[in-house]
Amino acid sequence: MESLHLISLLVLVLLVINVLVFSCLRTRGYKDSFYSASCPKAESIVRSAVEAHFNKDSTIAAALLRLHFHDCFVQGCDASILIDAPSAEREAVPNTGLRGFEVIDDAKSQLEVSCPGVVSCADILALAARDSVDLSGGPSWGVPTGRRDGRISSLSEAASLPSPLDSVAAQRQKFAAKGLDDHDLVTLVGAHTIGQTDCLFFQYRLYNFTKTGNSDPSINQVFLTQLQTLCPKNGDASKRVALDKDSQLNFDSSFFKNVRDGNGILESDQRLWGDSKTRRIVDNYAGNIKGLFGVRFNFEFPKAMIKMSSIDVKTGIQGEIRKICSKFN
């Protein structure tokens, strides 16, 4: 009996050791300055690539921010959005119009010369998003790194992405599923301060919102006329319109003032004002004390980004470090 007891105890100890070792391997290294020894210039190389493209086209900043967001909401922040294949995630309808892939490829090719097989595409996405905000006049922050690239990219998984048609309840559910609360939701949507969208995604609000030819009553009437001029009925549905009418190239809090004043372009954005909980957060960011609201948003946005960019991160022995971001190894 004693021998059986000792064997059982030994098996239990070995199981505990295996769990601890695996746990360490999984979580090992997801931290600030992960590449300080293995690739000291990693962050500066990414920054240089982003800046070079930004100097040619400043709208690329919003594109890179959106790319990171769309990546994290499907299977976690693992660069699955970058895979270029017929049934891959980037082919899903919610990912229509995504761009900035060439910036990530540019940074990756430079990193592969400097530090072959070291820096993940997932980390490049996270760093590029941070640099895009900074270059647009917004805050900067320390980005935890050490993510590994996923080995799965599926078109069917993209249903978890928020939609411009979503009610606040639907948005809340999708964000909560990723561990994000109402405060994170409103704060992250504030990234639309430098975003653009196609007429296609909000034109229905201008002409036939109630299916009887009426416009969405939540749109400010003066702004409605402006939008109808930009996106005429039966006009070019692919025409791009700024999501922040006041400062589309500057990362600031004017987006929240627009939502407060009925000048939100996407239905999902404007609906944030109609829900008591999200309205309070929007109002705080849009506050009337000059300068204060911008400081508050700049302080809160990095925290929300760090939280979002940590969704289902793969580390240790999980995933891989891709040689080319658009292909699995």
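**Exercise 1. Helix α2 in the predicted model**

Task: In this predicted model, find which residues of α2 are buried, and work out how they are arranged when seen down the helix axis.

Solution. 
- Step 1. Start by collecting the residues that count as buried: in α2 these are A42, I45, V46, A49, V50, H53 and F54.
- Step 2. Now place them on the helix. Helix α2 covers residues 42-56, which makes 15 residues. From first C-alpha to last, α2 reaches 22 Å, close to the 21 Å expected at 1.5 Å a residue.
- Step 3. Recall a handy rule: with 3.6 residues a turn, residues three or four places apart in an α-helix point the same way.
- Step 4. Look down the axis. The buried residues of α2 fall within an arc of 165°, so they line one face of the helix.
- Step 5. Finally, ask what lies over that set. The cover of the buried residues of α2 includes α3, α4 (101-114) and α5 (121-135).

**Exercise 2. A phenylalanine pair across the chain**

Task: Classify the geometry of the ring pair F69 and F175, then say where F69 and F175 sit in the chain.

Solution. 
- Step 1. Check the distance and the angle. The ring centres of F69 and F175 are 6.1 Å apart, and the planes meet at 45°.
- Step 2. Apply the cut-offs: planes under 30 degrees apart would be stacked and over 60 edge-to-face. At 45° the pair of F69 and F175 is therefore tilted.
- Step 3. Widen the view around F69. Setting aside neighbours within four places in sequence, F69 contacts P162, F175 and M308. The C-alpha atom of F69 is also 9.1 Å from that of A126, which is 57 residues away along the chain.

**Exercise 3. A second pair, and its cluster**

Task: Decide how the rings of F256 and F297 meet, and list the aromatic cluster to which F256 and F297 belong.

Solution. 
- Step 1. The centres of F256 and F297 lie 5.1 Å apart with 75° between the planes, and this pair is edge-to-face.
- Step 2. Again distant parts of the chain are linked: F256 is in helix α10 (residues 254-260) and F297 in helix α13 (residues 292-308), 41 residues apart.
- Step 3. Both F256 and F297 are buried.
- Step 4. Across the whole structure, the search gives 13 aromatic pairs.
- Step 5. Stay in α10 for one more residue. S254 is found in this helix, and with a relative accessible area of 7% S254 is buried. Beyond residues up to four places away, S254 touches T193, D244, D246 and S247.

**Exercise 4. The whole protein**

Task: Describe the protein by its secondary structure, burial and contacts.

Solution. 
- Step 1. Count the elements: there are 13 helices and two strands.
- Step 2. Turn to burial: 49% of the 329 residues count as buried.
- Step 3. Consider contacts with a separation of 6 or more: 75% of them involve residues 24 or more positions apart.

Notes. Residues numbered from 1 in each chain as written. Predicted model: local features only at pLDDT ≥ 70, side-chain atom pairs only at ≥ 80, totals over all residues. Heavy atoms only, no water. Helix = DSSP H or I, 4+ residues; strand = E, 2+ residues; numbered from the N terminus. Buried < 20%, exposed > 50% of the residue type's maximum accessible area, 1.4 Å probe, protein only. Contact = heavy atoms within 4.5 Å. Phe/Tyr/Trp six-rings, centres within 6.5 Å; stacked < 30°, edge-to-face > 60°. Expected span 1.5 Å × (residues − 1). Arc of directions from axis to C-beta.
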